[in-house]
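Q: Could we go through this structure together? I would like to begin with the helices.

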Amino acid sequence: MALIRQRKLTKQQLRRIDKQQAQQQESLDGSLMDGVVMAHYGKQLEVQVTSLPAIIPSPPVVAEGDPEPFWQAIELGDIWRCHVRTNLPMLATGDKVRWVADPNTGFGRIESVQPRTSLVSRPDRYHKLKPVAANVDILAIVFAPLPAAAPNLIDRYLVVCHHADVTPLLVLNKADLLSIEDYAFTKELLTQYQSLGYEAVLTSAPCPENILLNPVDDAQVKASDDVMADTAETKETSVQPTVELGLTDLQQKIKDKLVIFAGQSGVGKSTLVNALLPNSDQSVNIISTNSKLGQHTTTTSRLLPFDPQDLTQGGIVDTPGIREYGIWHLTPDDIIAGFVELSPLAGQCQFRDCKHTHNSKGCALWEAVAEGKVMQRRVESLVTLQAEADTPTY
């Protein structure tokens with residue numbers, strides 16, 4: 001499928017747009033206020049009021065006997081549905097914006113977006129790069145023994161963190177399952193990433209994701225929530241957590257930060273959000289024995305603040321679960337830059353265009369593998385991701 005490209009504007013058109021925006025800004029100065037995008041619903045966004053306008057609209061005077069007109073007062077902390085002014089870039093949850101409110105309709109209009117400190121994006125179904133969350137401090141990469149951890153996906157997220165200027169934090173959830181011999185690989189995987197300098201925390205949650213369905217047809221499980229609920233009630237096995245949820249370390253690391261949780265479906269992202277923010281009421285789901293994969297439960301990116309009245313204290317951006325994260329918008333050089341232990345070696349290869357495959361002559365990465373300095377798995381993951389990034393999507 002071909003990439004969807006924005007129409008290029010001439011310099012004259014850009015100057016005209018800038019002039020119109022300046023004139024419009026001047027006329028709206030008294031009505032403009034600050035806000036933060038809390039959720040994205042297609043063409044509409046939810047924006048929380050973080051400052052009041054210089055000129056606060058007064059409610060209309062209603063003559064005796066006339067019907068009371070609709071009027072929505074503007075108050076700090078309120079959340080408004082807003083449209084976006086034409087020519088603004090695509091906005092994301094977490095964006096700080098300037099906007100105006102119309103109390104007569106209960107809707108607002110976003111006029112401008114403040115400079116971002118970071119931006120996490122991903123390709124959508126049309127191969128267009130779509131912003132997921134803005135001004136994020138930490139990307140918590142959640143994985144678990146069940147469903148089985150996917151190292152290649154974790155590596156993808158680490159590359160994303162590198163290019164989005166976001167700090168990665170590895171969160172191994174359902175850590176109570178590590179005592180089971182079948183899941184020893186997950187513990188070793190965590191140790192490998194810690195040896196590379198990545199911070200990590202362990203959590204355990206008595207959540208529905210740890211409940212397995214007896215073998216049934218996955219299509220039937222996904223057919224309806226009622227079928228899934230009935231099946232979970234009557235056909236659960238005995239895989240149960242043995243320790244309570246430990247969140248102290250996780251809470252300390254994300255304190256006063258804006259955090260986005262990412263990872264496979266079923267690893268417990270929504271359960272962790274519920275534990276950190278009991279009033280968030282995120283839906284959770286169960287894992288099918290057939291696929292050993294979780295069901296998607298989050299449907300809309302939403303900012304869940306630690307303190308609803310003070311967004312400076314940070315919060316969690318809960319996003320739809322994704323099993324894949326396209327990286328076609330990055331170059332092979334961009335990919336290797338996200339591999340902290342491999343990037344310094346790339347310039348030491350015999351050939352500048354080295355593909356770092358196992359049979360590449362004079363490859364410094366594979367020489368380091370032979371000497372035990374780097375992990376073979378990471379080099380293979382790099383090659384896979386570079387090949388994907390170097391493959392045209394149309």
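A: One definition first: helices here are DSSP runs of H or I with at least four residues, numbered from the N terminus. The model is a predicted one.

Q: Which residue takes a positive phi just after α2?
A: That residue is D165, with a phi of about 55 degrees.

Q: And α2 itself, how many of its residues are buried?
A: The count is 11 of 14, so α2 is largely enclosed by the rest of the structure. Among the buried residues are P151, D155, R156, Y157 and C161.

Q: What is its span from first C-alpha to last?
A: Helix α2 reaches 20 Å, close to the 20 Å expected at 1.5 Å a residue.

Q: Turning to α11, which residues are buried there?
A: In α11 the buried residues include R378, V379, L382, L385 and Q386. The helix covers residues 376–389 and also reaches 20 Å, close to its expected value.

Q: What do those buried residues pack against?
A: The buried residues of α11 pack against α2, α3 (184–195), α8 (332–337) and α10.

Q: Changing topic, what is the mean pLDDT of the protein?
A: The mean is 79, and 77% of the residues reach 70 or more.

Q: Which elements have the lowest and the highest mean pLDDT?
A: Helix α5 (residues 225–234) has the lowest, at 32, and helix α10 (residues 364–370) has the highest, at 96.

Q: Where does pLDDT stay under 50?
A: One such stretch is residues 285–298, for which the model has 61 contacts beyond four places in sequence.

Methods
Residues are numbered from 1 along each chain as its sequence is written. This is a predicted model: local features need pLDDT of at least 70, side-chain atom pairs count only at pLDDT 80 or more; totals for chains, interfaces and linings use all residues. Side-chain values use heavy atoms; hydrogens and water are left out. pLDDT is the predictor's confidence in each residue, from 0 to 100. Helices (H or I, at least four residues) and strands (E, at least two) are DSSP runs, numbered from the N terminus. Contact means heavy atoms within 4.5 Å. The expected span of a helix is 1.5 Å times one less than its number of residues. Buried means under 20% relative accessible area, exposed over 50%, partly exposed in between (1.4 Å probe, protein chains only).
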